[in-house]
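Okay, thanks for coming, everyone. Let me put it on the screen.

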Amino acid sequence: MIRYLKSRELFAGIDRMPALGTPVSARTFEVTSPSTGELLAELPDMGVEETRAAIDKAHCAQPGWAALTARERSDILWRWHQLIVDHADDLAAILTAEMGKPLAEAKSEVTHAAAYLQWYAEEANRIYGETISAPSTDRRMLVIKQPIGVVGTITPWNFPASMVARKISPALAAGCTIVLKPAEQTPLVAGAMFALAQLAGFPEGVVNLIYASEGDAIGRELCSNAKVRKISFTGSTEVGRLLMRQCSDQIKKVSLELGGNAPFIVFDDADIDAAVDGAIQAKFRNAGQTCVSANRLYVQSGVHDEFVEKLAEKVCQLSVGDGFDPGVSIGPLIDKRALAKIESHIADAVAKGGIVRRGGDRVGMEGTLFQPTVLTEVSRAMTVAQEETFGPLAPIIRFQDADQVVREANDTIYGLAAYFYASNLKRVWRVAEALEYGMVGINTGRMSSEAAPFGGMKQSGIGREGSRHGLEDYLEMKYLCMGGI
Ligand code: NAP
């Protein structure tokens, strides 16, 4: 991997990071490229003991970090932001090497990660309390906001840079210290970001990184250790449920960003070309491996055939290959399990009457490349309409009735993101308000922004990341009542 890097010396030490402390066990785990299988790094496989030590460090550092002025915390976040911007090419290369996404997408993710640091460097200065008109003249009543304390954070492999930034920048801005465990497949970009955090000047113990291949043991320690006051997790709904249960003994606060099953609805009055472009973005970005990926495409009868034809045509232009190759727009899937899942969804759909209009196969017999696929004649009885596929598969469901489609779109345990295309203003408002989702893209296939609250309803999660609301998730509200005045 090192051959891709400009700052070789800086990142050569990712596997010997001072922030890691001293690994107790001599065990290691390998990080490999999903594209070529190349061994990228061998990292210390840290366990409960190292996690406990990292929590202790974070706990010691927390009062000092919270006691800094907001401006002082903000200055360090700004420096970290600038270092990430300065090293964006290297971070993107590390990301592509370990995760597989095309280099241009990796670069855009790193830019997005830096934008969170910038946003929360600014927001650190805008933590406000309030004064309340007291019901009697001898009292004064007010509310102050204070950091929650040590935060345990766990991140997934699909956005290994931006998920780290989205979680820890509001926590740090609020005055919390953190212990982070990145996903086993993609720890290197997190390691590189932490190397830059060291240069930015965070005091000892404020940011702590745990490399580990066994997420469950680390998760249990973070949830059961009383020094950790909050867990912030992004990943599958299944693991989110488990962590929430583990946190319940101590009534520990949780923020959960979990799975989705996003509907993407195209009404008869939509601009079809714009809807096709939006579907390409919402479905095929990151090879369909995003929590907000369009998972079910509902297209109204009057525009169904035109939409399918235009989408299939655009899909042909997407090129599949190694993320480092110029012009590639779809990289490999993360692993063989992901490949097996998309294949099983297609097989199930075809057995129940679905028609593969484009793609449907692996690219090559080695590796995990899969053709972008368009499937039509899809019905609700198919697995693809019920479960998150997490791959480059666009299943299209034809619908007639506008009210019915909203009911169907809402008929899921998930509530993360939804999209729809329409032009009638009355319909736009009605549908936007009726969709039971934390985020709704209207005539757009892309809506993530550091300035907006990202998060889900129902079993897609608890809390929001990004925007001013993201900061609130790391603050405790304290009411002060002053009597005898
Ligand atoms: P995952 O299996 O839940 O893993 C996510 C993280 O949790 C990884 O760091 C993993 O560590 C760790 N983990 C796994 N089992 C654990 C346990 N028992 N206790 C504590 N930690 C544990 O999810 P994934 O497959 O990596 O990510 C894909 C999922 O994330 C999809 O469902 C996607 O929708 C969701 N996601 C949601 C958002 C959002 O913002 N809502 C964003 C991105 C992804 P190991 O790697 O060591 O197993």
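Quick housekeeping before I go on. This is a predicted model, with local features needing pLDDT of at least 70 and side-chain atom pairs counting only at pLDDT 80 or more, while totals for chains, interfaces and linings use all residues. Residues are numbered from 1 along each chain as its sequence is written, and side-chain values use heavy atoms, leaving out hydrogens and water.

An N or O atom in the side chain of Lys181 is 3.1 Å from one of the ligand's oxygen atoms. Glu184 comes in through its backbone, with a polar atom 2.8 Å from a ligand oxygen. Elements giving two or more residues to the shell are helix H6 (162–174), helix H8 (215–224), strand E8 (228–234) and helix H9 (237–248). Helices here are DSSP runs of H or I with at least four residues, strands are E runs of at least two, and both are numbered from the N terminus.

Who else is around? There are 31 residues around the ligand, and Thr155, Arg166, Ser236, Leu258 and Glu388 come nearest; being near takes a heavy atom within 4 Å. By class, that shell has 15 nonpolar, 10 polar and 6 charged residues. Ala, Val, Leu, Ile, Met, Phe, Trp, Tyr, Cys and Pro count as nonpolar, Asp, Glu, Lys and Arg as charged, and the others, Gly among them, as polar.

Now, where does the ligand lie relative to the domains? Domain 1 (2–258 + 460–481) and domain 2 (262–450) both give residues to the shell, so the ligand lies between them. Those bounds come from an automatic or database domain assignment. Over C-alpha atoms, the two domain centres are 31 Å apart. Across the boundary, 30 residues of domain 1 are in contact with 27 residues of domain 2, contact meaning heavy atoms within 4.5 Å.

Next, a couple of individual residues. The His304 side chain makes a 3.4 Å polar contact with that of Arg398. Arg358, in strand E12 (355–358), is partly exposed at 34%. Beyond four places in sequence, Arg358 touches Ala312, Val315, Cys316, Pro372, Thr373 and Val374.

Last, some backbone. Most residues other than glycine have a negative phi. Phe390, in the loop between strand E13 (373–376) and strand E14 (393–399), has a positive phi near 60°. Asn443 also has a positive phi, about 60°, and is partly exposed at 40%.

Definitions and conventions
Buried < 20%, exposed > 50% of the residue type's maximum accessible area, 1.4 Å probe, protein only. Polar contact = N/O pair within 3.5 Å; in protein donor to acceptor, adjacent residues only side chain to side chain.
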